[in-house]
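Please open the structure in your viewer and keep the selection panel at hand. The tour below goes from one selection to the next and says what is there.

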Amino acid sequence: MAINKTRPCSVNRTQKKHQESIMAKVTISFVALLLISSLLLAPYLSISEAADNSVPIVSGLSWTFYKTSCPKLESIIRTQLKKVFGNDIGQAAGLLRLHFHDCFVQGCDGSVLLDGSASGPGEQQAPPNLSLRTKAFEIINDLRNRVEKACGRVVSCSDIVALAARDSVYLSGGPDYGIPLGRRDGLTFATVNATLQNLPPPFANATTILSMLATKNFDPTDVVALSGGHTIGISHCTSFTTRLYPTQDPTMDKTFANNLKVICPTVNSTNTTVMDIRSPDKFDNKYFVDLMNRQGLFTSDQDLYTDSRTRGIVTSFAINETLFFEKFVVSMIKMGQLSVLTGNNGEIRSNCSVRNADNKSYLASVVEELPVEEAWSDL
């Protein structure tokens with residue numbers, strides 16, 4: 001009887017321990033599930049938020065600069081670009097490249113849009129800019145007219161270029177992200193020599209590109225991420241035929257080279273070809289897959305995989321598209337703030353290709369008072 005009395009107690013203790021063990025496992029599994037879920041969801045939820053928090057903003061720019069003066073600005077631009085790209089998705093690459101060429105030379109001030117004058121040729125006449133798409137300039141002026149019709153002359157051409165580049169990325173399959181606004185348009189354009197000195201040529205190696213962009217406070221990850229913009233667009237044969245003739249560059253895949261020779265039969269061929277053979281019209285990470293397969297078009301592309309300082313970054317972006325998108329957004333926001341004019345500096349052009357006759361009257365009325373947290377500067 002004594003044994004019978006103690007047995008239930010023993011069973012209860014055993015059951016209790018078993019239940020506690022199960023509960024512990026369930027708790028651990030639930031926590032693990034939460035951790036896994038957060039890791040899986042975080043990249044998709046925080047690309048823009050991570051960039052917002054990690055990139056210092058230049059004093060005078062703001063994430064909500066036109067909230068009051070032109071609240072429908074971004075909607076106007078995106079709606080029109082959807083129509084443009086519906087007819088020709090190739091224009092997305094042209095607008096993205098325009099933003100790059102504007103910011104790297106004299107800062108993001110819309111100076112690349114200016115026509116030349118009696119003082120000399122404009123930036124458009126410099127060799128690196130001769131292949132910029134004429135249609136890209138037309139699109140920017142059209143967008144400026146649409147924005148002015150809705151809001152008056154309150155939005156700069158340089159801000160429109162920045163927004164058009166962002167929407168070019170997003171509407172061709174890339175990440176969507178916020179960008180700080182409030183840029184003013186420059187009053188002068190850079191010289192041809194200054195343009196040449198600030199735009200890396202397609203035949204530059206990784207050492208040259210890393211050095212050039214380091215002067216603008218870009219690190220190797222920025223350099224590789226920004227180069228990923230070559231995932232869309234086309235190139236003229238003359239930008240890479242020295243890799244084909246008179247002898248083939250040994251870092252180029254032979255089949256790839258033979259195919260290019262069909263498109264570009266001579267060193268001076270005027271034909272064009274796509275930058276990314278896998279998905280030429282989609283903004284994705286396939287450009288980096290191209291590099292790993294020795295199918296980069298330019299020396300400046302392929303050498304990013306050849307050089308040990310950037311090879312690992314290329315590989316990580318080829319494996320993880322979300323990581324590429326995250327780093328690309330950060331680097332684009334950094335680039336979009338290079339030597340910007342804000343406040344009462346510069347002007348807001350009525351015609352993006354021509355400086356205003358009198359710029360002063362179009363600044364004071366649209367300078368917004370920025371909150372302290374948005375006026376912080378560390379660039």
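In which segment does Thr342 lie? Select Thr342 and you will find it in the segment after helix H14 (321-335), where helices (H or I, at least four residues) and strands (E, at least two) are DSSP runs numbered from the N terminus. This is a predicted model, in which local features need pLDDT of at least 70 and side-chain atom pairs count only at pLDDT 80 or more, while totals for chains, interfaces and linings use all residues. Residues are numbered from 1 along each chain as its sequence is written, and side-chain values use heavy atoms, with hydrogens and water left out.

Stay with Thr342, which counts as buried at 14% relative accessibility; buried means under 20% relative accessible area, exposed over 50%, and partly exposed in between, with a 1.4 Å probe and protein chains only. Leaving aside its neighbours within four places in sequence, Thr342 is in contact (heavy atoms within 4.5 Å) with Ser59, Gly60, Leu61, Gly182 and Arg184.

Now show the whole chain, whose secondary structure comes to 14 helices and two strands. Of its 379 residues, 47% are buried, and among the contacts with a separation of 6 or more, 76% are between residues 24 or more positions apart.

Next, select helix H5 (residues 134-151) together with helix H6 (residues 157-171), which pack at an angle of about 110° with their axes 10 Å apart; the axes are lines fitted to C-alpha atoms over the stretch in contact, and angles run from 0 to 180 degrees between N-to-C directions. H5 is therefore roughly perpendicular to H6, a term that covers angles of 65 to 115 degrees. To see the contact itself, display Ile140, Leu143, Arg144 and Val147 of H5 with Cys157, Ile160, Val161 and Ala164 of H6.

Between strand S1 (234-236) and helix H10 (254-263), select Pro246 in the loop, where a cis peptide bond joins Tyr245 and Pro246 with omega at about -5°.

Move to Gln106, in the loop between helix H4 (91-104) and H5, whose phi is near 70°, a positive value in a residue other than glycine. Gln106 is partly exposed, with a relative accessible area of 32%.

Finally, select Asn217, in the loop between helix H8 (206-214) and helix H9 (220-227). Asn217 has a positive phi of about 70° although it is not a glycine, and at 63% relative accessibility Asn217 counts as exposed.

Key: Angles under 35 degrees count as roughly parallel, over 145 as roughly antiparallel, 65 to 115 as roughly perpendicular and the rest as oblique.
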